[in-house]
Protein chains: 2
Amino acid sequence: MTASSPLRVALAGLGTVGAGVVRLLDANGALVARRAGRPVEIVAVSARDRARDRGVDIARFDWVDDMNVLARHPQADVVVELIGGSDGPALTLARAALTAGKGLVTANKAMIAHHGLELATLAEGANAALKFEAAVAGGVPVIKGLRDGAAANEISRVYGILNGTCNFILTRMESDGRDFADVLAEAQALGFAEADPGFDIDGIDAAHKLSILASLAFGTQPAFAGVAISGIRHVLAADIVEAAALGYRIRLLGIAEAGHGGLFQRVHPHLVPLSHPLAHVAGATNAVVAEGNFVGRLLFQGAGAGDGPTASAVVADLIDIARGEFGPAYAMPAATLVAGAIADSGDRRGRAYLRFAVADKVGVLAEIAAAMRDAGVSIETLMQRGAHADNGVLVVMVTHEGPERSVAHALEKLRGSPSLVDEPLWMHMLV
Amino acid sequence: MTASSPLRVALAGLGTVGAGVVRLLDANGALVARRAGRPVEIVAVSARDRARDRGVDIARFDWVDDMNVLARHPQADVVVELIGGSDGPALTLARAALTAGKGLVTANKAMIAHHGLELATLAEGANAALKFEAAVAGGVPVIKGLRDGAAANEISRVYGILNGTCNFILTRMESDGRDFADVLAEAQALGFAEADPGFDIDGIDAAHKLSILASLAFGTQPAFAGVAISGIRHVLAADIVEAAALGYRIRLLGIAEAGHGGLFQRVHPHLVPLSHPLAHVAGATNAVVAEGNFVGRLLFQGAGAGDGPTASAVVADLIDIARGEFGPAYAMPAATLVAGAIADSGDRRGRAYLRFAVADKVGVLAEIAAAMRDAGVSIETLMQRGAHADNGVLVVMVTHEGPERSVAHALEKLRGSPSLVDEPLWMHMLV
């Protein structure tokens, strides 16, 4: 192979992202070749439906019906996996490609969250590349940012807005004063949310991405099962109003920290102060912050989804491979990643936003206040608002800084109380 | 050399950044070795004053009096240049190191802006690494972001807040309502501005960085001489108030664009709308935006200076080299960078903020309005404010979008008019 021989790509999956990769290489091929030192060329493709019109010409590529044949395509140096799904055909293809010594580039966050360690081990055994820039934050090069840009730092925490659908919904609730269900329906109509939105709005998708970031930041084995997850279904328009009055905006954050006896990973709606850049991230944008012991706070921000941005990340990985500028996927050999214990979040200190929907009767406030006192939770701010249409009277409090354990105890004491007409909502305050 | 043999570093310059690199490798050495695949070790150092207390132990390194001997140190694989200055000892050292086949890592924006092409050519001839992440935006990995992360995109423009001193001054003027000279004195007392601050506040430093970003973004030869530069000396507290009333903040931006018949590069105070993330970048922080045809708008943000962040970027480059993950400094061979024509800014369309300090007499406004009309400049907003302490009466206008040529013509017509008590200030409105 001469220095200018093309990097030959087999592309599995021709949905919007797959078609985007074809379109990008058509539009920017000469520039990509200039930057990569050699052309990057698709030689073969595979997808479920050969005939579907994708707006790009795929007749020029070798069509392969069987994904497992594609994975070992004799003309291909690298396989790009854009099928999706944590297991099934994507995983079979990925294993086959790496076993055959091909490089693998994927946008599949679920597969990497669940099987990244195995795939990295396979890649290293075959001296092949495994790259997944597009799996986290779409077009934002945050994998490279952590693996390469921040590599000299001990990272204390990595966190960010990892799901564009949730951020779109929260910022629309914020700007329009509308409720969750209403905005979700709009997001679905606009194509920003899936017909079955649970994966996004319940935080699973963000948790997949977070677990990938945590491995890179801390040198720990991917531990998706260790992510505490809650989504945004229970955030009311009223919460957004209360947060704003306090000087905060609500964002669904994925956050991973070292300390507390292990690795702490959580996806949860947070109150973000207006002085923090994440408070100003609106719409479907993604943003990731890494805090390092020498670099301080780094922020990476951009489009978190969409065919163009995702294709940009996929092709950036292909360029790394074409240049020969790649190494272990998690920066260090997979075998050296540490199995991190799951940290006890109870030890974690912070301020809490607590919202109770209560019956409009005498003594409710006293009951809540007593539960807080008995658990040792110190209240900084308390607001009671008149009857809310669907949720009774709302009581909102912000606690002073203290261990999360105490707040959990207080809420445990209140569990099942007839004074509460709905589950309390506990959100963390980002510092 | 086995895979685990150390990468051996000769360090030239032991000011705050040099000492920061020593401190970082002391604190994070084991982690760096884990991520780099092998240890990164300083073997030799050189600086002007051997005896000075730097808070780090340098007695364990080979001390070399002569920088040019250090550049060829037989035990060193890579030379780190932290001397500073575009020419003189830094350039001599850099040339000597690359000629001797050593890798070169530098934080020297002036040297790279003026001599980057020559040094990249030397590096490629010697098959050695040339890396300068720390030269732009301190700890923010924006060189890697453009070279690697955004590599699949045609970039339409790259711009950002590239000088922390200016951003500190502007945001302090904003928060305190104080005037430039007053805040500059404070910044000097705090160590955020040099005793001779011209390099920063007149935009030269930002222009060095911009010319480096432009080469990476557009594949053009570095063209520092093609940067149109003005700084922040003439921004009044009153301008900041007027901008805020219009929904904008004032930031010194470096901006480079392709088009207009060539490469357009400018450092200039801009009005940044509150909806843009750069409006929320406060203090000494740096932030760079790159706009690509597939990825859309990418933002990289963090600490733009200081020993810790700069050391972080220097060691990230060393890690790339230790991994063998490096290639041409400008992504493509230096010989293939295009000599870009300097674009005619007159063709550029935009909205302008114009502030006039005028004599308080009849007919002044008519004179200005006539000059605008005759040059074909359409006025969107006009405000006249009562007498300002030092600058007479202020007239502020915002134009409709139009070619910059027209605004330049209008200001030319007004030049030398006895109605103006000071030079008009022209700021561009970022879109």
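Biologist: Taking helices (H or I, at least four residues) and strands (E, at least two) as DSSP runs numbered from the N terminus, where is A:A223 found?

Modeller: In this model, which is a predicted one, A:A223 sits in the loop of chain A between α9 (204-218) and β8 (227-229).

Biologist: Buried or exposed, that A:A223?

Modeller: A:A223 counts as buried because it has 21 C-beta neighbours inside 10 Å, and the cut-off for that class is 20 or more.

Biologist: And what is A:A223 in contact with, leaving aside its neighbours within four places in sequence?

Modeller: With those sequence neighbours set aside, the contacts of A:A223 are A:S211, A:L263, A:Q265 and A:G340. As for A:L210, which is 13 residues away in sequence, its C-alpha lies 9.6 Å from that of A:A223.

Biologist: While we're around α9, what about A:D205, buried or exposed?

Modeller: A:D205, which is placed in helix α9 of chain A, is buried, because 25 C-beta neighbours fall inside 10 Å. Apart from neighbours within four places in sequence, A:D205 is in contact with A:K109, A:N163, A:F199 and A:D200.

Biologist: Switching to α6(A), how many of its residues are buried?

Modeller: Ten of the 13 residues of α6(A) are buried, so the helix is mostly covered. The buried ones are A:G164, A:T165, A:C166, A:N167, A:F168, A:I169, A:L170, A:T171, A:R172 and A:M173.

Biologist: What covers the buried residues of α6(A)?

Modeller: The covering elements, all in chain A, include the strands β7 (155-161), β9 (248-259) and β11 (285-292), together with the helices α7 (180-190), α8 (198-201) and α10 (237-246).

Biologist: How far does that helix reach from its first C-alpha to its last?

Modeller: Helix α6 of chain A, residues 164-176, reaches 18 Å, which is close to the 18 Å expected at 1.5 Å a residue. After α6(A) comes A:G177, where phi is positive, near 65 degrees.

Biologist: Which residue other than glycine has a positive phi?

Modeller: A:A137 is one of them, with phi near 65 degrees, and it is placed in the loop between β6 (130-131) and α5 (142-149) of chain A. A:A137 is classed as buried because 32 other C-beta atoms lie within 10 Å. In chain B there is B:A331, with phi near 75 degrees, found in the loop between α11 and β13 (349-350) of that chain. B:A331 is buried too, since 23 other C-beta atoms lie within 10 Å.

Biologist: What does the domain assignment of chain A give?

Modeller: Chain A is assigned domain 1 (7-138 + 311-336), domain 2 (142-304) and domain 3 (346-429). Between domain 1 and domain 2 of chain A the C-alpha centres lie 26 Å apart, and 16 residues of domain 1 are in contact with 22 residues of domain 2. The side that domain 1 presents to domain 2 has eleven nonpolar, three polar and two charged residues.

Biologist: Now the two chains: how many residues of chain B are in contact with chain A?

Modeller: There are 48 residues of chain B in contact with 48 residues of chain A. On the chain B side, α1 (16-36), α5 (142-149), β12 (296-303) and α11 (307-323) each supply at least two residues, and α11(B) gives the most, with nine. By class, that side of chain B has 23 nonpolar, 16 polar and nine charged residues.

Biologist: In which sense do β12 of chain A and β12(B) pair?

Modeller: The two strands pair in the antiparallel sense, over three bridges, and A:F300 has B:F300 as its bridge partner.

Biologist: Last one, in what order do the six strands of the open sheet in chain B come?

Modeller: The order in chain B is β3-β2-β1-β4-β5-β6, with parallel pairing. β3 (62-63) and β6 (130-131) stand at the edges with a single partner strand each, so one side of each has no neighbour in the sheet. Within the sheet, β4 (78-81) and β5 (103-106) of chain B pair over four bridges in the parallel sense, with B:V79 opposite B:L104. Helix α1(B) lies across β1 (7-12), β2 (40-46) and β4 of chain B, and runs at about 160 degrees to β2(B).

Technical notes: Residues numbered from 1 in each chain as written. Chains lettered and ligands numbered in written order. Predicted model: local features only at pLDDT ≥ 70, side-chain atom pairs only at ≥ 80, totals over all residues. Contact = placed C-beta atoms within 7 Å. Nonpolar A, V, L, I, M, F, W, Y, C, P; charged D, E, K, R; others polar. Pairing = 2+ DSSP bridges. Domains from an automatic or database assignment. Expected span 1.5 Å × (residues − 1). Buried ≥ 20, exposed ≤ 12 C-beta atoms within 10 Å, placed from the backbone. Axes fitted to C-alpha atoms, helices over the stretch in contact; angles between N-to-C directions.
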